[in-house]
Amino acid sequence: MLTLLLSWICYRLAFHFPYKNRPVGNHNLPDRALYRKIHDRINNLIDEAESFPTEEVFIRSYDGLRLAGHIYEQDSAAPVFIFFHGYQSTALRDGPGIFRVFRNEGFNVIFADQRAHGDSEGEELTLGVKESRDVMSWIRYARKRYGRDVKIILGGVSMGAGTVTLVADKVPDNVKGIVADCGYTSPHAIIQKVMRDKHIPVEPFYQILRLGAILFGHFDPDSVSCFYSLKHSRVPVLFIHGEADEFVPYWMSVKNYESCGAPSMLLSVPDADHGVAFMLEEEEYTESVHELLIVSGLAEE
């Protein structure tokens, strides 16, 4: 009974994210030192993205949740960029920079609210285990709206990067590439890293947490691996990571890059903290995305 109680408590602390606890607004930025230096730049980019007209749309997940997203449409015949944000965040907070890049490249942009975030239903997040199946649902939605042959690029930051790399070996042929910004190698690897950061003994507490996920969340964080999916990737991948990342370590993107079975690129930004590579190296970031589009056949040199 004690083990069950501990597993429930660990599950609630790590994975339960009820609506009342969701962040208010897109300007709720981290207060770490490396972020404070660029708060104004991030806020200006968010304001810029918010100035464009958008349409809120909803889809159903495989397990019956109503998932929300926002579409920034330029041309119904244009390719589509689908973006997924990170843990307890929002798409506009995590993605204003990459929004600018893909909008300037002429893409229609879909910003998805991950399950249990924003206006999407659900009260638990699973670090990509269930969210990766939601990615496939958004791909199907884009194909239904824009045609079965629409060209798609997937992108994500942090948990969003983990989410999209988990489908690298499963996507249909019209998905032409992935942008993975500061992603991890697997859900269990990042959970164990955070435990060590908080001085929580990985054993036995990881197994207790995993038991809680299985019993109460009906998912197993050990059941998927970004590293494995990338090894069998069907599309080229651009990996982006700040070397000063204090949350998801830089070496995780290096390992993912080295394992990727498809053409891949790695952009490292020496002084960038978690998810802010664009803010420090906009030009290099933009050029790297354009290079991915060239490799994917969606842009010219």
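**Ground rules**

I am working on a predicted model, in which local features need pLDDT of at least 70, side-chain atom pairs count only at pLDDT 80 or more, and totals for chains, interfaces and linings use all residues. Residues are numbered from 1 along each chain as its sequence is written, and side-chain values use heavy atoms, with hydrogens and water left out.

**Entry: the sheet**

I looked up the strand order. Eight strands make an open sheet, β1-β2-β4-β3-β5-β6-β7-β8, with mixed pairing. My helices (H or I, at least four residues) and strands (E, at least two) are DSSP runs, numbered from the N terminus. Two strands count as paired if DSSP finds at least two bridges between them.

Which strands stand at the edges? They are β1 (55-60) and β8 (264-269). Each has a single partner strand, so one side of each is left without a neighbour in the sheet. From one strand to the next, the twist averages 20 degrees. For such angles, axes are lines fitted to C-alpha atoms, for helices over the stretch in contact, and values run from 0 to 180 degrees between N-to-C directions.

I then checked two pairings. β1 and β2 (residues 66-72) are antiparallel, with six bridges. Valine 57 has glycine 69 in β2 as its bridge partner. The hairpin of β1 and β2 has five residues between the strands, and glycine 64 there takes a positive phi near 90 degrees. β6 (residues 175-181) and β7 (residues 237-242) run parallel, joined by four bridges. Aspartate 181 stands opposite isoleucine 240 in β7.

**Entry: the largest pocket**

A pocket is an open set of points with protein on both sides within 12 Å along at least five of seven lines; a cavity is a set where a 1.4 Å probe fits but cannot get out. Lining residues have an atom within 4 Å of a point. Points are joined across faces, edges and corners, and volume is the space filled by probe spheres set on them.

The largest pocket holds about 1100 Å³. It is lined by 40 residues, and Tyr87, Gln88, Val194, Lys198 and Phe247 are the closest to its centre. At least two lining residues come from each of α1 (2-15), α4 (91-94), α8 (187-197) and α9 (202-217). α8 gives the most, six residues.

I sorted the lining by type: 26 nonpolar, seven polar and seven charged. Here Ala, Val, Leu, Ile, Met, Phe, Trp, Tyr, Cys and Pro count as nonpolar, Asp, Glu, Lys and Arg as charged, and the others, Gly among them, as polar.

I followed up on valine 194. It is found in helix α8. At 21% relative accessibility, valine 194 counts as partly exposed. My classes are buried under 20% relative accessible area, exposed over 50%, and partly exposed in between (1.4 Å probe, protein chains only).

**Entry: the cavity**

How many cavities of 30 Å³ or more does the whole structure hold? I found one. The largest cavity has a volume of about 60 Å³. Its lining includes Asp94, Val157, Asp181, Phe278 and Tyr285. α5 (96-104) and α12 (277-280) each give two or more residues. α12 gives the most, with three. The lining divides into seven nonpolar, two polar and two charged residues.

**Entry: cysteines**

I searched for disulfides (cysteine sulfur pairs within 2.5 Å). The count is zero. For cysteine 260, the closest cysteine sulfur is in cysteine 226, at 12 Å, too far for a bond. Cysteine 260 is buried at 12% relative accessible area. Cysteine 10 is buried too, at 17%.

Cysteine 182 has a positive phi near 55 degrees and is not a glycine. It sits in the loop between β6 and α8. Cysteine 182 is buried, at 1% relative accessible area.

Histidine 218 also has a positive phi, near 60 degrees. Its loop lies between α9 and α10 (226-231). Is histidine 218 buried or exposed? It counts as exposed, at 63%.

Last, I noted a cis peptide bond between glutamate 203 and proline 204, with omega about 10 degrees. Proline 204 is in helix α9.

Key: 1 Å grid on protein atoms, 1.4 Å probe; cavity = no way out; pocket = protein on both sides within 12 Å on 5 of 7 lines; lining within 4 Å.
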